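The structure under discussion is shown below.

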Amino acid sequence: MLRFFVFLLWVSPCVLTKATGRCQGEVCDVKTWHNVSCRTDDDCNQTHAVCDQHLCRCEAGYFYTTPYDICSGTCSTGELQDSFTEYPDSALRRHYLDRQDGLSLEDCKGRCLTDTRCLTFDFRVIEGQCRLHAVTSRGSPSHWYPKTSTGWTHYQRTCNSTLATHHTWYNSLCNTKVDCPDPNSDCLSHRCLCRSGFKFIETEKECVVASVWHNVSCRTDDDCNQTHAVCYQHLCRCEAGYFYTTPYDICSGTCSTGELQDSFTEYPDSALRRHYLDRRDGLSLEDCKGRCQDDKRCLTFDFRVIEGQCRLHNVTSYESPSYWYPKTSTGWTHYQRTCKSTLGSPDDWYNSLCNTIVDCRDTNSDCLSHRCLCRSGFKFNETEKKCVVTSVWHNVSCRTDDDCNQTHAVCYQHLCRCEAGFFYTTPYDICSGTCSTGELQDSFTEYPDSALRRHYLDRRDGLSLEDCKGRCQTNKRCLTFDFRVIEDQCRLHNVTSYESPSDWYPKTSKGWTHYQRTCKSTLGSPDDWYNSLCNTKEDCRDPNSDCLSHRCLCRSGFKFIETEKECVVARSCLDWQDKGAKSGVYTIQLIASSKPRSVWCDMDTAGGGWTVIHRRRDFSVDFNRNWTEYVNGFGDISGDYWLGLSAIHEQIRYKSWSLRVDIVDGSGERRYAQYGWFRLDGPEYNYKLSWYWYWGDAGDDLTPSYDKEFSTYDRDPTGCVRARHSAWWYPDDCGRTYLNSPSASGNVWGDYSNLQFSEMKLRPYESTLGLTPAP
């Protein structure tokens, strides 16, 4: 018998070990699931595998990875194979590496194989249409159209990788954390990566503590190198609305009351202009800070040294973007509480910090805004410490708010209702912050002894309750109404109490009852996701969207385009003006290069919609700069500033633009010059200047610079920069117009000298640039 077992060991080059499931030896004959016939996803029995058209395949966006026969979330360039997984009637409709027609399938496949950036491609037999992509469907879910793109087939590269070893473990395959040898690593999407707060050092082959970025000097957002971190007045800080969270040195979207710290992050010249917990004048900064620290509800406060004005808030700028005025509230400073939290544990995981879903222990949880929370349709059960299916709570008896166990639900006169200002929304039984006109229902939520005392759509006396309710139901603008039996007083409103908190008097308006419309909505779909219901960010299909007050909306800095069904960066300040924006700093997408860029938008001068490219106001910024600096741009967007020749050229090269120059001379007189069909050539022509016509009252003193190249002190063929001490477009005789001298006394526009202020700005002729990415 012993000889028989020895024989079996000799003829078997490998076996699967019971403990790890790994192969030992060169070859393993493991029963595969890939491309096997199936009827449901359960037949495939593999993580991230699905039954697609009766064959088991990796879920689109995951790489089928050999030799371990798994679906991996990533694949390095050197691991990509020449074979593909097919997804019929499916396609990605953006992120093109290459677009060619008239090709065969093999030609298209060959183009993908020879481009190391190509991860997926789409092919359509009709007209031989071939589209290469540098992303997977998982990397661009909002542009992924599975099983609805008739005639197209989507192809994703397969992968060949190996399990981690002690010498080459980083980003290699894994099944569990045990496969990753570094104590500060984890198995994330089947790859060994460093845990939160650590980074991989190539020379040491290990994860080490990430260097601190918070409050470190910076020039651009890229210098901060942290999710939701921005370069704010030359210091790295969390984006306003996100909590700087220790000890993991990250920016978190939430912070529970018990985690709030007494320190704050500062945002100069910024303020929230609504949602006041308290408003006091005549206080010192320390007094104001102390009032916020003593109030458990206080998340942020604003302070202005003039008159010692103090404003406490129970919301962040992220929760109230329409009332957030960053870098434009001169004299005010916005302060946001910091946070101290820990990563989840098996016993205390809910609402704790996370970086990926792996950090969250419950199968029905997910990592949302760096917090472990229950997925849509589930709620956290405190006694069980797990996510359970949500049960009906609306109008159920209660004693405290905790009995209602629903976001934005409160116990109001012993019944669970949505907090006033939030819409009770069916069929998902949630409280939503918004409701579109077409979603409003004819039923109402009642709030006894409460009323709004402003914003009247209609005011009538002598009506019955049913008549008052009917008037609201027939008026599309009516969101709420108040009714008082005495004198049958009826008041209709086009706002909710959430939108007008200063005019809301809950439980103190004796005899009045406040009624708010209910809502009926659906979760987002690929074609109709905007403003639809959501529970988490994952319900919103666009990568630039987020779940805000239970609605899929575009993130700050992005706008929804109806024709494209997506959130995109505005292409000009005129586009922002179309949405009612005021003068200030906004993000636009440069037309020629599609690069995002922060700019100052002037919404007040001559109809507004101007993109400022030059400003001299207090002469605090040194304009004696070299060629490279004038090409790239410099200065303070809110103060003295030069956008950059490269950015100006990329913005205006494909459209018709107007240039306006505003000046204030030494006597305080304001004048302007405007030029139509303004043009700036590219770097190969040293940014030559041209235009077609002039109008204004400052004089046509840019004409001598027509068709002239830009000059700086290190590129000064005419010698004019040395003579005038100003970079400019100079004629041969140096002319008498230049605006970039070190001081006011050196800046001249024709007959006007000692200019105390100058501003150059651009606006397209079209009413909008369409907000669509450049071709």
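## A link between a helix and a strand

In this predicted model, both C573 and C601 are buried. The two residues are joined by a disulfide with an S to S distance of 2.0 Å, and a torsion of -75° about the S-S bond makes their link left-handed. Because C573 belongs to helix α5 (residues 573–578) while C601 belongs to strand β49 (residues 596–602), the pair ties together parts of the chain that lie 28 residues apart in sequence.

The whole structure holds 22 disulfides, among them the bond between C180 and C192, whose sulfur atoms are 2.1 Å apart. This pair links distant parts of the chain, twelve residues apart, with C180 in the loop between β13 (152–160) and β14 (185–188) and C192 in strand β15 (residues 191–194). The link is left-handed, at -90° about the S-S bond, and C180 and C192 are both buried.

A further disulfide is formed by C404 and C416, with 2.1 Å between the sulfur atoms. Here C404 sits in the loop between β32 (386–389) and β33 (409–412), whereas C416, twelve residues away, is part of strand β34 (residues 415–418). The disulfide of C404 and C416 is left-handed because the torsion about its S-S bond is about -95°, and both cysteines are buried.

## Packing of helix α3

In helix α3 (residues 285–294), the buried residues are C288, K289, G290 and C292. The buried residues of α3 pack against four strands, namely β22 (260–268), β25 (300–304), β26 (309–313) and β28 (332–340).

Key. Residues are numbered from 1 along each chain as its sequence is written. This is a predicted model: local features need pLDDT of at least 70, side-chain atom pairs count only at pLDDT 80 or more; totals for chains, interfaces and linings use all residues. Side-chain values use heavy atoms; hydrogens and water are left out. Buried means under 20% relative accessible area, exposed over 50%, partly exposed in between (1.4 Å probe, protein chains only). Helices (H or I, at least four residues) and strands (E, at least two) are DSSP runs, numbered from the N terminus. Contact means heavy atoms within 4.5 Å. A disulfide is a pair of cysteine sulfur atoms within 2.5 Å.
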